[in-house]
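Look at the sequence and the structure below, and keep both in view while reading. The paragraphs that follow go from single residues to strands, and then to the whole chain.

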Amino acid sequence: MATYTSTVFANNQPKAVHAGVNSVSGSYSMGATASSNGDIIFLAKIPNGAKFVLIEEDHSTGATAQALSLGYASGGPGGSATFSAFIASGAQATLNRKNVAGIPADCSLSANDPNSYGILAAKVESGTATTSLIVNFVFNYRLD
């Protein structure tokens, strides 16, 4: 089990561009690194106060099927996470959208949180270890 970081996460500040619907999107490729159950990928920074609108995700590997869950993580590596807040065990080679019952929680952080942003993350839930995992995502949220 390992934690990886996408370039979207590493190179961008959380976008609080304007009141209304905002979006963050990107791709992550593990290349020749083998992904396995329990691996976590930090995809994007979500601004405090963001209200979920829509998430879309698809992923593929070079060989076997893997299921990914997507949701919020907190505290960086080793932090707590609710990965199935949006997509629970989304199938490979499928356009996955929110499939968890209920209304997702807003991205709400403590005033003491040193990061001032939430973390959109993916977790490998099942499947054989494989190389070439590619994750594509679009996360839409609104700020009031």
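A residue is called buried if its relative accessible area is under 20%, exposed if that area is over 50%, and partly exposed in between. The structure shown is a predicted model, and these cut-offs can be applied to it residue by residue.

Begin with glycine 118, which is part of strand β8. Is glycine 118 buried or exposed? Its relative accessibility is 4%. The cut-off for buried is under 20%, so glycine 118 counts as buried. Which residues is glycine 118 in contact with, once its neighbours within four places in sequence are left aside? They are Ala44, Lys45, Ile46, Ala73, Cys107 and Leu109. One of these, lysine 45, is 73 residues away from glycine 118 along the chain, yet the C-alpha atoms of the two are separated by 5.7 Å.

Glycine 90 belongs to strand β6 and is buried, with a relative accessible area of 1%. Leaving aside neighbours within four places in sequence, its contacts are His59, Gln66, Ala67, Leu68 and Asn96.

Two other residues deserve a look for their backbone angles. Most residues other than glycine have a negative phi. Serine 89 is not a glycine, but has a positive phi of about 50 degrees. Serine 89 is found in strand β6, which covers residues 81-90, and at 43% relative accessibility it counts as partly exposed. Alanine 93, also not a glycine, has a positive phi of about 60 degrees. Alanine 93 lies in the loop between β6 and β7. With a relative accessible area of 68%, alanine 93 is exposed.

Now turn to the strands. Strands of a sheet pair through backbone hydrogen bonds, either parallel or antiparallel. Which strand is joined to β5 by 8 bridges? The partner is strand β8, residues 117-127, and the two run antiparallel. Within this pair, tyrosine 72 has leucine 120 in β8 as its bridge partner.

Strand β9, residues 134-143, is joined to strand β2, residues 20-29, by 10 bridges, and the two run antiparallel. Here valine 21 stands opposite arginine 142 in β9. Strand β4, residues 51-60, is joined to β9 by 9 bridges, and this pair also runs antiparallel. Two residue pairs can be located along it: histidine 59 has valine 135 in β9 as its bridge partner, and isoleucine 55 has phenylalanine 139 in β9.

These pairs belong to an open sheet of 4 strands, in the order β2-β9-β4-β7, with antiparallel pairing. Which are the edge strands of this sheet? They are β2 and β7, residues 96-97, and each pairs on one side only.

Finally, consider the whole chain. The protein chain has 1 helix and 9 strands. Along the sequence, the pattern is β-α-β-β-β-β-β-β-β-β. Among contacts between residues at least 6 apart in sequence, 79% join residues at least 24 apart. The contact between glycine 118 and Lys45 involves residues 73 apart along the chain.

What radius of gyration would a compact globule with 144 residues have? It would be near 15 Å, and the protein chain has 14 Å, which agrees. Taken along the principal axes, the C-alpha atoms fill a box of roughly 45 × 25 × 25 Å.

Of the 144 residues in the protein chain, buried residues make up 41%. The chain exposes about 6,700 Å², and carbon and sulfur atoms supply 51% of that area. As for charge, the protein chain has 7 positive and 8 negative charges, and the mean positions of the two groups are 5 Å apart.

Terms used: Residues are numbered from 1 along each chain as its sequence is written. This is a predicted model: local features need pLDDT of at least 70, side-chain atom pairs count only at pLDDT 80 or more; totals for chains, interfaces and linings use all residues. Side-chain values use heavy atoms; hydrogens and water are left out. The radius of gyration is taken over C-alpha atoms; the globule rule is 2.2 Å times the number of residues to the power 0.38. Buried means under 20% relative accessible area, exposed over 50%, partly exposed in between (1.4 Å probe, protein chains only). Contact means heavy atoms within 4.5 Å. Accessible areas come from the Shrake-Rupley method with a 1.4 Å probe; for residues, only the protein chains shown count as cover. Lys and Arg count as positive and Asp and Glu as negative; His and the chain ends are not counted. The place of a charge is taken as NZ of Lys, CZ of Arg, CG of Asp or CD of Glu. Two strands pair if DSSP finds at least two bridges between them.
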